[in-house]
Amino acid sequence: MRAGPSQEEIRRHNLGALLRHVHLGGPTSRAELTSRMGLNRSTIMALTSDLTAAGLVREELPRETGRAGRPSLVVRPESSRVYVFAFDVGPDRLAVARVGLGGVILDRRESVRRRGAFDLEEVVGALAAFARQMHRKTRADTVCVGAAAAVSGGVSRSDGVVRYGPNLLQAEAPFGEALARKLALGLPVSVGNDANLGALAEHTRGVGVSVRDLIYLHGDVGVGGGVIAGGHLLGGHEGFGGEVGHMVVHPGGRLCGCGSHGCLEAEVGERALLEAAGRTTEGPLGRDAVRAVVDAADRGDIVAQAALSRVGDWLGLGVANLVNIFNPEMVIFGGMLREVYLGSAAQVRSRLAIDALPAHREKLRLRTSELADDATLVGAAELAFAHVLADPLEALARVGG
């Protein structure tokens with residue numbers, strides 16, 4: 001029979017829990033931390049002292065209290081000192097951000113990416129170059145504690161290899177390993193699917209904060225999804241969970257990049273919308289092209305309106321299927337689907353009224369991403385911070401902080 005956790009294990013758990021409160025909730029008084037964590041004041045004082053000594057937080061007097069008596073010290077994350085690198089590799093762009101503890105974007109770079117399968121060395125070289133530019137601008141007392149990337153494809157949890165990505169690459173790519181080698185910071189690079197990380201971002205910092213059961217749908221060229229159930233991201237056995245874009249909603253329908261027909265991605269993706277609206281897919285693509293269709297529909301263009309109605313109907317059917325399976329409290333539309341939903345909300349809701357079970361749709365909330373184009377980048381930052389929040393002192397020791 002295994003003995004209970006040791007005092008050291010309890011201490012490390014509590015250090016991580018306190019740091020998480022401050023990282024996600026921002027500056028928090030000792031009194032609030034005592035209440036939220038259910039620990040006594042002396043324990044909170046000892047924990048904050050340890051984190052302060054490690055350079056992860058600082059304590060200071062509140063600016064205003066409005067109360068009589070001795071004010072409770074406020075614990076703030078050391079956002080300017082402790083940071084991670086977050087990377088986002090999408091069909092149209094490469095983005096890199098230096099994100100401080102507490103979720104503060106300290107610096108960022110972005111470039112347009114030519115569509116099509118990527119060259120691994122070319123992409124990781126561009127990302128690493130951006131990161132090095134930002135790293136050179138940091139003060140001597142700063143410390144990078146992690147790095148993570150959001151990629152539009154199926155990512156193996158065990159090794160960070162991108163196993164498939166119909167709209168991004170043609171063969172498996174050891175993305176995390178290659179980027180870590182180029183960065184040469186002595187840190188591994190965690191890799192996650194962009195839609196899964198978008199779900200994580202909206203759950204921790206976006207419209208889904210405090211929502212324990214939600215589905216985030218992300219669209220660019222294709223469509224992906226992330227599922228938060230009971231407050232936890234569902235990753236699947238190998239980490240490939242959330243590929244809702246390849247749920248067949250129209251058997252025998254449009255050809256999908258995965259080789260199947262009638263996938264949700266094929267029926268509601270960018271190409272389907274543009275073709276239905278009579279727009280050439282040989283011209284400008286991306287979110288601007290999608291927004292142009294939505295704007296045209298708003299101005300009364302009947303062809304654009306019909307295209308949005310058609311795509312919205314398939315989107316509503318896909319959402320109804322997901323709602324019936326997962327019974328979420330909220331469905332969030334991100335990426336290109338944010339624009340599509342705004343232009344077809346009535347059609348989506350109409351389909352839900354027909355195909356979603358009444359008990360499942362009664363309290364369902366449909367929302368657009370609060371983090372917008374930054375959702376996947378913010379999610380990558382949260383993935384990079386995960387090991388620091390799990391064991392702050394051990395994480396710092398590994399990087400020599």
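Buried means under 20% relative accessible area, exposed over 50%, and partly exposed in between (1.4 Å probe, protein chains only). This is a predicted model, in which local features need pLDDT of at least 70, side-chain atom pairs count only at pLDDT 80 or more, and totals for chains, interfaces and linings use all residues. Residues are numbered from 1 along each chain as its sequence is written, and side-chain values use heavy atoms, leaving out hydrogens and water.

Start by selecting E60 and R58. They form a salt bridge (a side-chain nitrogen of Lys or Arg within 4 Å of a carboxyl oxygen of Asp or Glu), with the closest N and O atoms 3.3 Å apart. E60 is partly exposed at 23%, and R58 is partly exposed at 33%.

Next, pick R108 and D374, whose salt bridge spans 2.7 Å from N to O. R108 sits in strand β6 and D374 in the loop between β15 and α13, 266 residues apart. (Helices, H or I with at least four residues, and strands, E with at least two, are DSSP runs numbered from the N terminus.)

R291 is partly exposed at 27%, while D288 is exposed at 57%.

Last, display helices α6 (residues 194-205) and α13 (residues 375-390): their axes, lines fitted to C-alpha atoms over the stretch in contact, come within 7 Å and cross at roughly 80°.

Note on methods:
Axes fitted to C-alpha atoms, helices over the stretch in contact; angles between N-to-C directions.
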